[in-house]
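Hi,

Here is the model I promised to pass on.

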Amino acid sequence: MTARATPVQGKLLTPGVKLLLVLWALGTAAGLYRFTQGLGAATAMNDGYPWGIWIAVDVVIGTGLASGGYVLAFLVFILNRGRYHPLVRPALLTSLLGYAVAGVGVAFDLGRYWTMWRIPVSPGLWNHTSVLLEVALCMMAYVLVLFLELSPAWLEGLAAGRDPARARLAARWLPRAQKALPILVGAGLLLPTMHQSSLGALMMMAGLKLHPLWHTGFLPLYFLLTAFIMGFGVIYFESIFSSLAFGRPLEHRLLARLGRWVGVVILVFLVARFAVLGLEGKLGLTVSAGRLGFFFWAEVLILLAAAARFLGLGQEGRPDRALQAALLAMLGGTLYRLDVFLVAYDPGNGWIYFPSLAEILVTLGLIATETVVYVLLVRRFPILAGISPAGQPTVPVGLREGVTP
Amino acid sequence: MTLTRRGALQALGAAAAGAALATPAEARTPHRSAPDDLGLLYDATRCIGCRACVTSCREANGEPRDVTMMAGAPYDAPVDLNGHTLTVIKQWSDGTRDGFVKAQCMHCADPACASVCMMGALHKGPRGVVEYSVDRCVGCRNCQIACPFNVPKFQWTSAAPQIAKCELCRHRWAAGKGPACAEVCPRQAVIAGPRSELLAEAHRRLAATPQAYQGGVYGETEGGGTACLYLSPAGFGPLGLPPLGREPAPALVESVQHGIYQGFVAPVVLFGAFAVMAWKNRAAGQGEEP
């Protein structure tokens with residue numbers, strides 16, 4: 001048996017949530033401004049920097065941080081590590097919300113947003129060489145897959161509800177959802193493998209406009225690896241955050257064991273980065289690139305620090321060190337992706353870009369909305385692993401390993 | 001359990017290796033220029049900066065003037081290509097010499113903008129022209145990221161923005177007219193015609209007065225070849241043309257992506273491997289450790 005997930009319950013309108021709702025309101029106001037006044041008025045984007053933070057942060061970094069579901073599905077179903085199962089549902093939920101935010105961010109960003117619906121329904125028009133098309137289609141499909149992967153949680157939530165008709169319906173569909181799981185997991189692993197790597201391929205086309213320290217044919221590999229790194233970071237962050245915010249037991253031994261994997265993935269990324277720079281004869285640029293060299297070394301050192309902390313978690317996994325490690329991994333991956341999409345991108349001609357207030361408010365509003373919806377859903381649906389009810393005959397694996405007594 | 005994991009890694013490895021091996025084999029064939037592709041030849045040694053081309057382009061394409069107030073007076077003076085300016089004359093200087101340079105779409109043989117465009121709003125049309133069809137554009141602006149010449153411009157202030165760029169006046173062909181800019185140039189600094197003829201003319205000028213020029217013909221091979229060609233007295237760096245190699249811009253991305261997604265084999269294999277593994281390890285999905 002499993003460490004059963006249970007709804008957290010409790011009050012919805014906490015002071016924290018109220019603050020987030022203020023951010024939501026500000027973001028909505030900024031969004032209205034964008035849709036009534038146009039992109040030129042609301043944003044700092046220009047013909048030199050046609051992609052700003054709505055793409056670089058909301059989509060590229062946001063879905064990187066939303067890779068927790070991908071990473072855990074890989075650990076549990078491919079590497080057969082059932083002990084991480086209690087982390088799966090919260091990770092899938094943050095992934096679902098993160099990708100949904102990316103979709104909304106794109107709607108804000110597209111100049112002709114009202115034609116967006118045509119992309120998935122016009123196979124006759126699909127340009128097969130377009131990496132962005134692949135990313136768009138994969139991400140849309142993945143949101144659906146994530147929602148379906150979470151269907152046991154939705155159905156269990158309904159089955160435990162007060163409405164008998166809904167409960168009966170849920171009880172009938174639960175076994176079917178369980179049966180379909182391998183197919184869903186397959187899709188849930190394939191789609192991010194494709195579109196996370198393709199996010200890197202997007203910027204390959206920037207050619208000379210992307211600084212040579214970042215421009216390489218290995219961009220897809222780096223984006224796949226940073227998806228793993230950021231996804232791992234978020235799993236840690238989320239576990240620790242949930243245990244603090246909702247008074248849940250912290251699965252710290254579980255996280256300690258997972259640390260080895262994360263440390264190794266980060267080291268693979270760093271070794272690959274230097275090896276490829278060496279092969280391409282660009283190692284000298286790491287010291288001669290000036291301001292951009294600072295960003296390069298910041299990425300490297302942050303990720304190195306993250307790897308050291310993950311590998312040093314030991315058996316017990318002190319939560320403070322785990323949290324540091326997670327934040328460093330998230331920051332390192334975020335910085336790498338920001339560099340590729342904005343910092344190391346230079347169209348020449350004196351173009352500059354720094355996000356406008358409206359852009360920042362929309363992005364903060366989206367993050368706030370995501371957090372509120374997360375809190376709402378874990379309070380009402382069985383997402384987080386709960387405390388085992390008294391007198392349960394078998395001790396669930398996840399609890400045996402994870403619970404602080 | 002060991003067997004299962006090994007099997008999984010083997011399957012994944014095979015898929016990855018298949019993808020990796022496919023890359024060199026499937027190196028994409030670049031699109032090449034055809035001799036009768038329509039193009040322009042711009043000769044920076046002849047241009048006097050009169051901007052007649054800018055004005056006639058505006059009129060021919062029905063674009064509004066780009067009016068800026070300077071010292072209290074209005075001027076139609078675009079400083080660069082923009083959402084309503086499809087060609088522009090700019091000043092260049094290399095420290096010792098200066099002159100003018102015309103900018104407009106280069107009409108690449110193998111354009112990056114068309115390669116990235118999701119639904120083919122930007123695409124190659126008859127006579128090699130890179131055409132724009134607004135009905136297929138979602139306004140994602142990937143073309144702006146991709147174009148090595150920073151040519152496609154976005155109408156930032158419009159409620160229904162479009163991408164703006166030169167289409168070699170294709171709307172005038174039916175009336176027997178060519179690009180408006182070349183039509184009005186008083187010095188034949190910009191001429192229009194089939195690319196093969198323009199290239200021959202460029203080499204004729206180079207051979208006639210070799211001392212007047214530096215750097216050959218830009219666009220002959222740069223970025224896989226462009227239909228718009230340039231001659232310069234000072235090389236092409238000062239004129240703001242990027243130092244592109246012979247490879248077309250889409251070559252790297254498309255080789256990598258074609259390699260990985262060739263015939264969609266790797267994704268299908270990978271999906272199968274993932275689904276089978278997920279089925280075998282479904283106990284882990286319930287929280288059980290082998």
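Below is what I found, starting with how to read the model.

This is a predicted model, so local features need pLDDT of at least 70 and side-chain atom pairs count only at pLDDT 80 or more, while totals for chains, interfaces and linings use all residues. Residues are numbered from 1 along each chain as its sequence is written, and chains are lettered from A and ligands numbered from 1 in the order in which they are written.

**Where the chains meet**

Helices (H or I, at least four residues) and strands (E, at least two) are DSSP runs, numbered from the N terminus.

**The core**

A nonpolar core is a set of buried Ala, Val, Leu, Ile, Met, Phe, Trp, Tyr and Cys residues joined through C-beta atoms within 7 Å. Buried means 20 or more other C-beta atoms within 10 Å of the residue's own, exposed means 12 or fewer, and partly exposed is in between, with C-beta atoms placed from the backbone. The largest core has 213 residues, and those touching the most other members include Met205(A), Cys113(B) and Ala146(B). Helix α10 (residues 219-246) of chain A gives the most to this core, 15 residues. Domain 1 (2-29 + 252-285) and domain 2 (38-247) of chain B both contribute, so the core lies between them. Those bounds come from an automatic or database domain assignment, and the C-alpha centres of the two domains lie 43 Å apart.

**Strands and helices**

In chain B, β1 (residues 38-43) and β11 (residues 228-231) pair in the parallel sense over 4 bridges; pairing takes at least two DSSP bridges. Asp43(B) stands opposite Leu231(B). From β11(B), Cys228(B) and Tyr230(B) point one way, Leu229(B) and Leu231(B) the other, and all are buried.

Helix α3 (residues 53-65) of chain A spans only 15 Å between its end C-alpha atoms, whereas a straight helix of 13 residues would span 18 Å (1.5 Å times one less than the number of residues). All 13 of its 13 residues are buried, so α3(A) is largely enclosed by the rest of the structure.

- Ser56(B) sits in helix α2 (residues 52-60) of chain B and is partly exposed, with 19 other C-beta atoms within 10 Å. Its C-alpha is 9.5 Å from that of Pro179(B), 123 residues apart along the chain.
- Asn80(A) has a positive phi, near 60°, without being a glycine. Asn80(A) is buried, with 21 C-beta neighbours inside 10 Å.
- His107(B), also not a glycine, has a positive phi of about 50°. His107(B) is buried too, with 29 other C-beta atoms within 10 Å.

Cheers
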